[in-house]
Amino acid sequence: MMLPVLNGQMIAFILISLVLIGSAVAMLFSRKVIYMALLIGGVFIGAAAIYILLDADFVGFAQILIYAGAITILMLFAIMLTHHGEQNEKQGKGHTVFAVISAGGLLVLLYWGFNSIDWSKWNQLSPKTPNPVWGDNSVQAIGNAIYTSYVIPFELISVVLIVSLVGAVILARKGEE
């Protein structure tokens, strides 16, 4: 196994990954719902930083605006407008055991993935190739890819989102009755 060369980008990736994984694990062990919502905001920001680090600027800024901003604020409002005192006291050892098993499984999966990457080909996978296939910048590349090669998957994703939204409304109404 060849070890990766530690340059600035690799060190930033490792630091961001540690913050992201730390926020995710802290979210698993947190007992207060409000802390969970704040920690998932940290996970969203960490994921956005990784997108930006990988030269996917548009996806990174969309991640910050939509997930870290709007979704996290929406979750905070939903948490503040509902009562969670009973749920905070009911958490037992089952959640902790499941969280430890999940975190251990994730760690093993990350270790396996890290060791299975051929780091000698890392520079060949960079989006900074001299002749990009989809366009010069990430916004143009995403637009070209969505409206040329990935039209059907894009429409299928929108159908799945609509079906999940309708299902969520049905489940929410069933809980009221």
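A crossing of two helices is called left-handed if the near helix is turned anticlockwise from the far one by less than a right angle, and right-handed if clockwise. With that term in hand, I turn to the chain shown above.

The model is predicted, and local features need pLDDT of at least 70, side-chain atom pairs count only at pLDDT 80 or more, while totals for chains, interfaces and linings use all residues. Residues are numbered from 1 along each chain as its sequence is written, and side-chain values use heavy atoms, with hydrogens and water left out.

I begin with the overall layout. The protein chain has 7 helices and 0 strands, where helices (H or I, at least four residues) and strands (E, at least two) are DSSP runs numbered from the N terminus. Of its 177 residues, 16% count as buried; buried means under 20% relative accessible area, exposed over 50%, and partly exposed in between (1.4 Å probe, protein chains only). Among the contacts in the chain with a separation of 6 or more, 61% are between residues 24 or more positions apart, contact meaning heavy atoms within 4.5 Å.

The axes of helix 1 and helix 2 come within 8 Å and cross at roughly 160°. Such axes are lines fitted to C-alpha atoms, for helices over the stretch in contact, and angles run from 0 to 180 degrees between N-to-C directions. Helix 1 and helix 2 are therefore roughly antiparallel; angles under 35 degrees count as roughly parallel, over 145 as roughly antiparallel, 65 to 115 as roughly perpendicular and the rest as oblique. Their crossing is left-handed. By class, this contact has 15 nonpolar, 5 polar and no charged residues. Here Ala, Val, Leu, Ile, Met, Phe, Trp, Tyr, Cys and Pro count as nonpolar, Asp, Glu, Lys and Arg as charged, and the others, Gly among them, as polar.

Which residues make up the largest nonpolar core? They are Ile16, Leu20, Val43, Ile50 and Leu53, 5 residues in all. Helix 1 and helix 2 each supply at least two residues of this core, and helix 2 gives the most, with 3. A nonpolar core is a set of buried Ala, Val, Leu, Ile, Met, Phe, Trp, Tyr and Cys residues joined through side-chain atoms within 4.5 Å. Leaving aside neighbours within four places in sequence, Ile50 is in contact with Phe13, Ile16, Ser17 and Leu20.

Ser23 also belongs to helix 1, which spans residues 8–29. Ser23 is buried, at a relative accessible area of 11%, and beyond four places in sequence it touches Leu39, Gly42 and Val43.

The second pair follows. Helix 2 (residues 33–53) and helix 3 (residues 57–81) have axes that come within 8 Å and cross at roughly 175°, so these two helices are also roughly antiparallel. Their contact comprises 21 nonpolar, 4 polar and 1 charged residues. In helix 3 lies Gln63, which counts as buried at 10% relative accessibility. Not counting residues up to four places away in sequence, Gln63 touches Phe44, Ala47, Ala48, Tyr51 and Ala68.

Finally, the loop between helix 2 and helix 3 holds Asp55. Is Asp55 buried or partly exposed? With a relative accessible area of 31%, Asp55 is partly exposed. Most residues other than glycine have a negative phi. Asp55, although not a glycine, has a positive phi of about 65°.
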